[in-house]
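Me: I have a chain here that I'd like to go through with you. Can we start with the core?

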Amino acid sequence: MLNSTWKHLLHCLLLFSLLALFLIYSRSHNVYTDPWTTYGPLLTSVLYFLRFLIFLALPQILFNFFGLVLYNAFPGRVMLCGSPLFLPFICVRIVTRGDYPELVRRNVLRNMNVCLGAGLANFCIEVVTDRTIGLGRARRIREIVVPKQYRTKSGALFKARALQYCLEDGVNTLHNDDWVVHLDEETLLTKDSVRGIMNFVLNGRHLFGQGVITYAKDPIVNWWTTLADSYRVADDMGKLRLQFKLFHKPLFGWKGSFQA
């Protein structure tokens with residue numbers, strides 16, 4: 001079986017091959033015509049302006065390319081760089097509208113077992129919901145129902161509103177040195193992702209980070225939607241990975257899930 005380095009080299013070879021094929025078959029063999037004479041000054045200026053607009057995407061294209069090439073796209077198993085005993089408290093905060101309570105309950109239990117199996121001990125799972133889920137009382141699980149009448153000072157809505165409610169006095173139970181990992185209701189943790197979070201916190205060099213989300217680990221329900229989401233994985237592994245590795249800032253943005 002190929003190791004991660006060989007897999008990454010083959011991944012880069014495939015990327016370069018696709019780029020080469022595109023360049024070869026996209027060549028134009030048309031006879032040159034002077035656009036200023038053919039279309040006139042006004043229309044030619046508009047057409048050139050529209051063509052130059054594509055350069056607005058150049059920074060993101062370059063970040064995507066170098067992120068996919070410079071960093072191993074097939075990392076091996078994550079090893080802990082320190083003892084979990086030295087970890088501060090970690091809160092796994094899940095945001096949901098509460099439309100699918102059974103899904104939330106199932107994923108909370110699964111993520112709880114993954115965290116325990118990865119060696120994480122000082123943590124809890126908070127579920128912030130617009131509708132009651134009915135998680136019951138458990139030692140590490142807390143359900144927070146956002147009141148319908150609640151309004152933020154900035155007028156934020158949806159997920160931002162729910163997350164702000166968690167920070168209000170009388171609701172927030174965390175301390176300033178605690179960490180929060182944000183997940184969506186359908187996001188599932190793995191032992192490697194939990195170990196990666198622990199390493200990030202133990203490292204202590206940065207205030208926030210973000211991980212890669214994949215969409216084909218479990219049995220695939222719908223191939224079309226899974227393939228449609230595959231570009232988001234490339235975005236995580238390319239542009240977003242490079243911006244955090246080099247600048248440690250969300251220069252192009254970041255996701256609403258799997259961030260600490």
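Reply: A term first: a nonpolar core is a set of buried Ala, Val, Leu, Ile, Met, Phe, Trp, Tyr and Cys residues joined through side-chain atoms within 4.5 Å. Buried means under 20% relative accessible area, with a 1.4 Å probe and protein chains only. This is a predicted model, where local features need pLDDT of at least 70, side-chain atom pairs count only at pLDDT 80 or more, and totals for chains, interfaces and linings use all residues. Residues are numbered from 1 along each chain as its sequence is written, and side-chain values use heavy atoms, leaving out hydrogens and water.

Me: Which residues of the largest nonpolar core touch the most other members?

Reply: Ile90, Leu120, Phe123, Ile125, Val127 and Val194, out of 24 residues in that core. At least two core residues come from each of β1 (90-96), α5 (101-117), β2 (123-129), β4 (179-184) and α7 (191-203); helices (H or I, at least four residues) and strands (E, at least two) are DSSP runs, numbered from the N terminus. The largest share, five residues, is from α5.

Me: What is Val127 in contact with?

Reply: Contact means heavy atoms within 4.5 Å. Leaving aside neighbours within four places in sequence, Val127 is in contact with Ile94, Thr96, Val104, Val108, Ile133, Leu135, Arg142, Glu143 and Ile144. Ile144 belongs to another core, of nine residues, which lies apart from the largest one and also includes Ala162, Cys166 and Val171.

Me: Switching topic, how many helices and strands?

Reply: Nine helices and four strands.

Me: And how much of the chain is buried?

Reply: Buried residues are 32% of the 260.

Key. Buried < 20%, exposed > 50% of the residue type's maximum accessible area, 1.4 Å probe, protein only.
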